[in-house]
Protein chains: 2
Amino acid sequence: MKRVMLVVAYDGSACHGWQLQPGKRTVESELNQALSGLLKEDIQVIGASRTDSGVHALCNVAVFDTDSRIPGEKFSYALNQRLPEDIRIQSSRETAPDFHPRHCNSRKTYEYRILNREFPLPTKRLYAYFTYVPLDVEKMRRAAEFLVGEHDFASFCSASSSARSTVRTIYSLTVEKEGDEIVIQVCGSGFLYNMVRIIAGTLMEAGSGSRRPEDMKAVLEAKNRGAAGPTAPACGLTLVGYEFL
Amino acid sequence: MKRVMLVVAYDGSACHGWQLQPGKRTVESELNQALSGLLKEDIQVIGASRTDSGVHALCNVAVFDTDSRIPGEKFSYALNQRLPEDIRIQSSRETAPDFHPRHCNSRKTYEYRILNREFPLPTKRLYAYFTYVPLDVEKMRRAAEFLVGEHDFASFCSASSSARSTVRTIYSLTVEKEGDEIVIQVCGSGFLYNMVRIIAGTLMEAGSGSRRPEDMKAVLEAKNRGAAGPTAPACGLTLVGYEFL
């Protein structure tokens with residue numbers, strides 16, 4: 001028996017998120033099906049980040065156990081033959097038998113893309129949130145600075161979360177302009193439910209002028225979801241980095 | 001009666017190209033339907049570039065005639081309410097009543113994107129052609145230089161073309177690396193059927209080493225479709241610039 005780790009990229013547009021849901025197409029269900037078909041065993045992967053419906057990933061992580069003699073690094077090729085084209089394994093390798101991707105320290109990086117121009121561009125619609133409201137990147141940056149470090153992010157956590165502690169550490173939070181796109185990149189030890197999308201929604205309010213950058217301090221202190229801005233739509237969000245420490 | 005010009009962006013993934021085809025969804029059919037519904041007149045647009053199935057555009061051009069009192073610049077807003085989300089008007093304005101977008105001098109710019117890495121990325125699959133064969137950008141550039149200027153591009157024209165002359169002028173043809181993508185950008189007075197995709201397919205052969213850059217001269221001189229490389233897939237191609245001179 002060995003444990004194999006997969007690095008998985010996907011376009012979340014047509015998936016009901018990562019996690020198994022009865023009767024729905026999810027990244028996890030597609031991986032289980034491809035692996036079980038390949039190995040003629042009943043395989044259930046364990047995922048690292050259970051991304052929501054519509055969220056994309058360049059490098060989510062999953063592990064599974066198998067008795068197969070296929071070398072760990074060959075799974076990427078074999079699985080990509082069986083997976084639908086919106087899911088592609090980026091690498092595979094054998095890992096420690098007790099490695100659990102959710103029970104270890106990690107550093108995740110998410111990117112939130114905003115297309116900020118007069119009219120939407122159809123070729124960007126699946127991977128960026130569109131708004132015609134002009135956003136001031138400098139104001140978004142000033143607001144972002146207040147969130148870096150260890151804080152209680154209760155205000156940035158959807159009410160439906162069951163997290164025991166709402167304290168998290170953000171290592172970096174940058175806002176960059178790339179042509180007519182604004183890219184928010186956030187790196188942290190872990191994120192609460194919808195945390196990155198609520199940060200994006202709140203930074204957009206700072207960028208549009210409907211909220212002052214320095215008000216972010218009070219938003220954090222409120223420890224109340226109602227104090228922050230809206231949850232930005234899923235399509236703009238991509239998991240772009242995953243490191244195990 | 002006035003003539004209105006539309007600048008149209010679209011994601012070609014789910015369209016059978018620009019041009020009307022019985023029973024098929026095309027960009028032209030969607031524009032005619034949205035305009036006819038808005039104006040309660042039977043509107044038939046005239047398109048500038050009749051892009052193929054799967055090809056994208058940021059700025060194709062169409063004109064139509066109407067008795068409507070809607071000001072030219074308001075059509076973009078009104079039409080975007082009615083169009084499907086893979087087609088968006090970028091601007092609209094009244095133009096000269098005799099302006100015909102295919103019967104005037106213009107300068108078009110196309111971009112061909114290649115994702116060049118070990119495995120495909122699902123979030124790029126609709127807008128870039130994927131190949132794991134390593135491509136040498138410097139060799140592609142050297143090959144590209146032979147094509148700049150006025151030439152008989154018969155070797156770069158699909159056999160099914162009905163063009164009277166196969167002489168065209170390429171003003172510029174660049175090859176740039178953007179991360180793991182290679183971007184070919186070509187600007188010209190006009191292009192033969194499949195010309196940009198055949199140029200892309202031939203430059204990829206130069207990049208992979210299966211053809212020497214300096215052989216491009218002989219390919220041009222052959223004036224024979226068989227002398228050039230394959231027609232690169234439609235998904236990598238986007239019309240990115242359109243100027244009327």
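## A bridge across the interface

B:D11 and A:R125 join their side chains in a salt bridge, 2.9 Å from N to O. The term covers a side-chain nitrogen of Lys or Arg within 4 Å of a carboxyl oxygen of Asp or Glu. Between chain A and chain B there are four salt bridges.

This is a predicted model: local features need pLDDT of at least 70, side-chain atom pairs count only at pLDDT 80 or more, and totals for chains, interfaces and linings use all residues. Residues are numbered from 1 along each chain as its sequence is written, chains are lettered from A in the order in which they are written, and side-chain values use heavy atoms, with hydrogens and water left out.

## Symmetry

Chain A can be laid on chain B by a turn of 180° and a shift of 0.0 Å along the axis, with an RMSD of 0.0 Å. The two copies are thus related as by a two-fold rotation axis. The same surface serves both: 100% of the contact residues of chain A recur in chain B. The superposition is by least squares on the C-alpha atoms of residues with pLDDT of at least 70 in both copies.

## Contact and buried area

In contact (heavy atoms within 4.5 Å) are 24 residues of chain A and 24 residues of chain B. The two chains bury about 2,000 Å² between them, 62% of it on carbon and sulfur atoms. On the chain A side, A:F119, A:T123 and A:R125 lose the most area to chain B, together 30% of what that side buries. Buried area is the accessible area (1.4 Å probe) that two parts lose on being put together, summed over both.

## Make-up of the chain A side

Eight residue pairs are in polar contact between chain A and chain B, both residues at pLDDT 80 or more. Polar contact means a pair of N or O atoms within 3.5 Å; within protein, one must be able to donate a hydrogen and the other to accept it, and residues adjacent in sequence count only if both atoms are side-chain atoms.

Two or more residues each come from β1 (2-10), β3 (56-66), α2 (75-80) and β4 (87-95) of chain A. The largest share, four residues, is from β4(A). Helices (H or I, at least four residues) and strands (E, at least two) are DSSP runs, numbered from the N terminus.

## A:R197

A:R197 lies in helix α4 (residues 195-208) of chain A. The side chains of A:R197 and A:D52 make a polar contact at 3.5 Å.
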